[in-house]
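Hello,

Here is the structure I promised to pass on to you. Please have a look at it first, and then read my notes below.

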Amino acid sequence: MSTEYTKAVKLHSEMVYKIAFAGTANTADAEDVTQNVFMKLLKCGKNFESEEHRKAWLIRVTLNEVKLLKRSAWFRKRDDNTEITEIRSDNDICLNTENKMVYDAVMKLDKNQRLAVILFYYYDYKSSEIAKMSGTKEATVRTRLKRAREKLKDILKEETV
């Protein structure tokens with residue numbers, strides 16, 4: 001393994017895992033997707049223009065791997081495909097008490113809204129960049145974000161009453 005690969009794993013594995021978890025809502029599936037993404041990185045031999053280019057590539061591959069998993073017969077036939085478990089990390093911003101309520105609300109969103117919110121708010125991507133990564137129109141991403149904000153507002157109102 002090259003030092004570039006090791007550096008990429010250290011820099012981006014948490015991000016890849018969180019995006020995979022947002023798409024699968026299952027810890028084991030997110031771990032599998034993360035492993036598949038980094039295996040593809042190891043095998044691709046691609047020269048990236050910058051670290052940002054590598055990051056965008058990893059996000060795109062992660063989204064594709066989530067789609068592949070969801071299309072698999074195994075995934076569709078199993079009983080626990082709606083199980084949501086928590087992401088555990090000592091430095092995870094989602095686990096401090098102030099953000100826990102928001103994190104829990106985000107995890108209640110549907111997959112597409114959840115991914116859009118995570119990429120937009122947690123990783124600071126623009127809606128145009130998210131559209132390219134997810135293979136959708138920019139207007140669709142903006143609509144997902146708008147609907148997600150409305151839904152989050154309702155969920156958080158219910159929880160604070």
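The accessible surface of the protein comes to about 9600 Å², and 52% of that area belongs to carbon and sulfur atoms. Accessible areas come from the Shrake-Rupley method with a 1.4 Å probe, and for residues only the protein chains shown count as cover. Please keep in mind that this is a predicted model, where local features need pLDDT of at least 70, side-chain atom pairs count only at pLDDT 80 or more, and totals for chains, interfaces and linings use all residues. Residues are numbered from 1 along each chain as its sequence is written, and side-chain values use heavy atoms, with hydrogens and water left out.

First, the overall picture. The secondary structure consists of eight helices and zero strands, so the order from the N terminus is α-α-α-α-α-α-α-α. Here helices (H or I, at least four residues) and strands (E, at least two) are DSSP runs, numbered from the N terminus. Of the 161 residues in the protein, 39% are buried; buried means under 20% relative accessible area, exposed means over 50%, and partly exposed is in between (1.4 Å probe, protein chains only). Among contacts with a separation of 6 or more, 67% are between residues 24 or more positions apart, where contact means heavy atoms within 4.5 Å.

Now to the pockets. Rolling a probe the size of a water molecule over the atoms shows where empty space is left. The search used a 1 Å grid over the protein atoms alone: a pocket is an open set of points where a 1.4 Å probe fits, with protein on both sides within 12 Å along at least five of seven lines, and lining residues have an atom within 4 Å of a point. Grid points are joined across faces, edges and corners, and a volume is the space filled by probe spheres set on the points.

The largest pocket holds about 230 Å³ of space. Its lining has 14 residues, and those nearest the centre are Ser2, Glu4, Lys46, Phe48 and Arg54. Helix H1 (3-24), helix H2 (27-44) and helix H3 (51-71) each supply at least two residues of this lining, with H2 giving the most, three residues. By type, the lining divides into five nonpolar, four polar and five charged residues. In this scheme Ala, Val, Leu, Ile, Met, Phe, Trp, Tyr, Cys and Pro count as nonpolar, Asp, Glu, Lys and Arg as charged, and the others, Gly among them, as polar.

Lys46 sits in the loop between H2 and H3. Because its relative accessible area is 40%, Lys46 is partly exposed. Not counting residues up to four places away in sequence, Lys46 touches His53 and Trp57.

The second largest pocket has a volume of about 160 Å³. It is lined by 13 residues, and Leu63, Asn112, Leu115, Ser134 and Arg144 are the closest to its centre. H3, helix H6 (111-122), helix H7 (127-134) and helix H8 (138-160) each supply at least two lining residues, and the largest share, five residues, comes from H6. This lining divides into seven nonpolar, three polar and three charged residues.

Ser134 belongs to helix H7. Why does Ser134 count as buried? Its relative accessibility is 16%. A polar atom of the Ser134 side chain lies 2.8 Å from the backbone oxygen of Ile130. Leaving aside neighbours within four places in sequence, Ser134 is in contact with Arg60, Leu63, Lys67 and Val141.

Some other residues to look up:

- His12 is in helix H1 and counts as buried, at 6% relative accessibility. Not counting residues up to four places away in sequence, His12 touches Phe38, Glu51, Arg54, Lys55 and Leu58.
- Ala30 is in helix H2 and is buried, at 0% relative accessibility. Leaving aside neighbours within four places in sequence, Ala30 is in contact with Tyr17, Ala20, Phe21 and Thr24. Ala30 and Lys18 are 12 residues apart in sequence and 7.7 Å apart in space, C-alpha to C-alpha.
- Asp124 lies in the loop between H6 and H7 and is exposed, at 64% relative accessibility. Its phi is near 60 degrees, a positive value in a residue other than glycine. Most residues other than glycine have a negative phi.

Best wishes

Definitions and conventions. A polar contact is a pair of N or O atoms within 3.5 Å; within protein, one must be able to donate a hydrogen and the other to accept it, and residues adjacent in sequence count only if both atoms are side-chain atoms.
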